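Open the structure in your viewer and keep the selection tool handy. We will go from stop to stop, picking out a few residues each time.

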Amino acid sequence: MSRAATAGPASAAVSFPDSAPTLVRAPSASRPSAGGRHAAQRPPAPFRSYGPGRGFNAPYQQHPQHQQHRSAARGAALTAAAATAATSATARQALAPASHRLQPQRHALATGIYPRPSPNRSAATAAAGSSLGASVGAGAGITASSAPVPVPVAARSVAIAAAAAGSSPGPVLGSSPSSYTQHGFHSYSQHQHRRTPPHAGRCYSHGHGGYSQGHHGYGSSSYGSGYGSSYGTHQYGNQHSHQSHQAYTLVGSPGATAAASVAGGGVGPRSWLHAARAQWSAAARLRLHAVKSSGGAASSAATGTLQAGCLVEFEKNDRGVLGLVTGPDGKKNWFVVDQSGRRSSIQPKQVSLLLPPESGRAWAEADLAAFAAAAEGADHSLLEIAWEIAVDGGSALDLSDLSSLLFDDTSPRCRYVTHRMLAADTLFFKQASKSPASYLARKAEDVAALRKQQEEAEAARREAEGWKGAVASAKAAKTRAGQPSAEEWLTGPYAARVAAIKAVALSGGNSNSNSTTSSGGGSGAGEASSMALALSSMQLAGAGSRAEPEAAAALLTDIGVWRRHEPLPLLRRGITPDFPADVERAAQALLDSPPPDPDAGNREDLTHLRCFTIDDAATTEVDDGLSLERLAGGGTRIWIHVADPTRWISPDTQLDLAGRQRGRTLYLPWGSVPMFPRALAEGPFSLRAGQVCDALSVGVELRPDGSVASARVAPSRVLVSHKLTYDGADAALGGAEAAGGAAAAGGAAAAGGAGGAGVAGGLDGEALADLQELRRAATLRRQYREGRGCIEIPLPEAKIHVPPEQLDRARPAVTVTRISQWESASRSLVAEMMILTGEAVGTVGAEAELPLPYRAQDEPELPPAARLAALPEGPCRGFALKRCMTRSTVAAAPQRHAALALDAYVQFTSPIRRYSDMLAHYNLKAWLRGEPLPFSGRQIEAVMEAAAEAGRELGGAEREAESYWVAEYLRLRWGSDYPAMALGWQREEMGLVAFLLEDQGLEVVVKVPSTMAWAPGDKAVLAPSEANPATGYYRFYVVGWTSGHSAGGDEDEEDDEEGVVVEVLGEGGEEAAAEVVGAEGTA
């Protein structure tokens, strides 16, 4: 479809093809009317600072010829010229430069707008446009000097036709220095909105690969046609060839509205800027083409030589410094002055850019600031446009080429700005050579890769700054409530950094540490990357210059990831109270759908018996209870009821394997780490008060001497009727003994029968009588074992307790309490009943030849009897015996246990918290049902060997946790004295003596001068001289002696006793001593 336009009375109708692209300004509705302009409509930097003269920058001038654009004569002449120019696309192509003519199946990259080049481009561009200049110069009066750049043919046709008509044709593109402003480019001038000139509605369109020719019908609504290309579609008359580039739709053209509607926008400032950028790009392509067409000989700026008055950029401290050469310094060097006025001597090899004096005028110091300001204000985004053009050529460009490409100017200032832009550029151009300096556009794929790297680096920089600020904010918080929670740190934007720091913090103190966190098959490269991230994170947070475990732990504590008293000994061994999610799900599924009871048909109902459970007040896993059955013949049978977790889980199931991996429950000052999920261990596995529970009960009848007369094991159901603590049971037994024993018990029973309340420890008379009978049986059993040569270690223990909710307090309420089964009737009762159960099960297993985890211990080499007799009874003698004990062993066949004086012994009463007991339950119950045994002897020994290794790790964690809290206990009570008893030499050759803190039950080691006389049992007062909870390290010294050989001695000896190192608690046989005690029910 064609458009008809009239240009006054004398104008003729001319038909223009619809395909002619045009470029117009943004609609006037989007522009302020009072001389200002929308910020987004301001021309981009290239158009505000484009070259010297009257180029893109030239303000719109009210030339007299502009006032004549509406004349009919002018309109007729232009319209006629346009008709002549549009007659043949072939003719138009023939007039184009050879390099821009349409070729079969391809096209040359070029532009349709030729801005005015700088003066030093004249020679280069004149050669490229000589043919066009010759063809139109005669008719239009245009010479090569006045139009040194190839001019679109249609524009020159207008000029020729206008000259022939004897009228002024108006501005012709390329015909004069002001032609840009006069012929449509004023649309981008700095005064473009102050007055709308008559012909301002449209400008020439441009193309990417051909010439775009536009005709203006001044005073009419008709606009020219042309051939050429936009970005994407080449238009040659009615011929169209398509490229894959995205098309630039020009504002005001018929395609603009469609493009805007497709994009969801409208015609406005963004489209105007887009077209402006395309216009600049088109002009730059022409300049580059002109330079390359002439071979680039005239485009290279003279390198020049160093002389006074030159501007140079020289390298100093790995950066470029702009300076003014003031004179020579000897034969080779030169003096320069920089912007700050500092004078330096440089060598020629330091010079990276030389700008000789211009037009014989030497540069001055004032020029330094001007050049620097120009470089500072440069628009670096222009490099991307220049790169888009230069990358097509593939050849290297010198500084003048790029300066012309960017600014259409090769003046020294523009070259310096270009040089600084290239020096700062790390994306688009790379230096091809240094002398002379030339630059090569990077490949598109290289730019994409570099851009991605830079974006990632910038994102990393912002993330690092954010981390630094987050840490500072967390440290500045006055309370924990003002800090992010641990969950927020671990799931927030800095989770990777926190995880890396945790890995460092957990790596200290143990070669086998962090087994849980490191499991996952991380490679060495991954570990190195994590370490590097941790180091950088700690440095940003001000946590030191090295990734030290203690510094990492302190940082995590400071920002709230960890509590102030986080149990690091456990975490560093990969031990956590929580189970994996799949194990927890399996536990919940077990609770929701209990499995069938494999022993439902033969469980004995023992709910009619009173069942006592006796534990610490904080115990939640209740795995044993006691009952007394009075037989018809006058005798009694003792029942030890043991929790039955094997009623719920089977061998090699997920839950069974989870318990096997942990080995046992870990008891700590602040709580426990259970062997099974708490929902099971404290739920159906446990003997809960007031509920009927499944159990595995061991019934034992004793002979008068305390030996086992008969023993049997049976699955059962029991009802826990009395849940007692050790303190409560001690009170009941002590009250009954004080009231006269059996007589008092009988009176209490009468009172109970009358409905009275319990008189001792909350127990009624019958319950108290049963408890007393159990106590007498325990005493009989001890006498029996002592007669067989058992070894008792009467050493008290220190029970350390910290409320778990206070682990994040600066001053938690730590208590250290002395406990001893030899000083507690109920503890001694429970210990003997547990040993009795182990003997009964061992006897049953030995008679049936069952493979069970039998415990054994070799005979120790005890001190001479006279030496033991010379020691005070109690802790001093127990300390001497403990140092002689050997470790226990486990085998699948019965062996003698020397310390317990038993021929067969199986730990059986703690299946919830000790996996070896589970093995005994599995095999014994299968044997009772007549089923194949799930574990052979070899399998039992293999499992126990692995459990022993895990047990050593758990024991180490327990000792480290105890040492930590002992040191914290001492720190919180700094300045206190502690009464103590000397137990004996720990290491005589080093002068180390073991002491027992009498109130705390804590064993410590102190160095005593060799000149000081003392003996086991002597009493002293100790005081700490150092306590470091972080390392579990503390020192004691002897303040003075209160009894014994050194009591009342020289007080001056106190100075010699300070600085004594306290060794790790329990050194030298603690584990063996635990085996000797055998008190399974004391936990």
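This is a predicted model: local features need pLDDT of at least 70, side-chain atom pairs count only at pLDDT 80 or more; totals for chains, interfaces and linings use all residues.

**Stop 1: a pair of hairpins**

Now widen the selection to strand E9, residues 319-329, which runs antiparallel to E10 and is joined to E10 by six bridges. Three residues lie between the two strands of this hairpin, and Gly330 there takes a positive phi near 80°.

Next, follow the chain on to strand E11, residues 343-346, which pairs with E10 in the antiparallel sense over four bridges. Pick Trp334 and you will find Ile346 of E11 opposite. E10 and E11 also form a hairpin, this one with four residues between the strands, and Gly341 in the turn has a positive phi of about 90°.

Before moving on, colour E10 by accessibility. How many of the six residues of E10 are buried? Five are, so strand E10 (residues 333-338) is largely enclosed by the rest of the structure.

**Stop 2**

Select E13, E15 and E14, listed here in their order in an open sheet with antiparallel pairing. Strands E13 (397-398) and E14 (429-434) stand at the edges with a single partner strand each, so one side of each has no neighbour in the sheet.

Zoom in on E13 and E15 (residues 437-441), where two bridges make an antiparallel pair. Leu397 has Tyr439 in E15 as its bridge partner.

**Stop 3**

Show helix H14 (residues 444-476) together with helix H16 (residues 495-505); their axes are 11 Å apart and they pack at an angle of about 65°. H14 and H16 are therefore roughly perpendicular to each other. By class, their contact has four nonpolar and two charged residues, with no polar ones.

To see the contact itself, display the side chains of Glu463, Ala464 and Trp467 in H14, which meet Arg497, Val498 and Ile501 in H16.

**Stop 4: the cysteines**

How many disulfides does a search of the whole structure find? The count is zero. For an example, select Cys693 and Cys611: the sulfur of Cys693 has its closest cysteine sulfur in Cys611, 8.4 Å away, which is too far for a bond.

Cys693 counts as buried, at 3% relative accessibility. Finish at Cys876, which counts as buried at 2%.

How values were computed:
Residues are numbered from 1 along each chain as its sequence is written. Side-chain values use heavy atoms; hydrogens and water are left out. A disulfide is a pair of cysteine sulfur atoms within 2.5 Å. Buried means under 20% relative accessible area, exposed over 50%, partly exposed in between (1.4 Å probe, protein chains only). Two strands pair if DSSP finds at least two bridges between them. Axes are lines fitted to C-alpha atoms, for helices over the stretch in contact, and angles run from 0 to 180 degrees between N-to-C directions. Angles under 35 degrees count as roughly parallel, over 145 as roughly antiparallel, 65 to 115 as roughly perpendicular and the rest as oblique. Contact means heavy atoms within 4.5 Å. Ala, Val, Leu, Ile, Met, Phe, Trp, Tyr, Cys and Pro count as nonpolar, Asp, Glu, Lys and Arg as charged, and the others, Gly among them, as polar.
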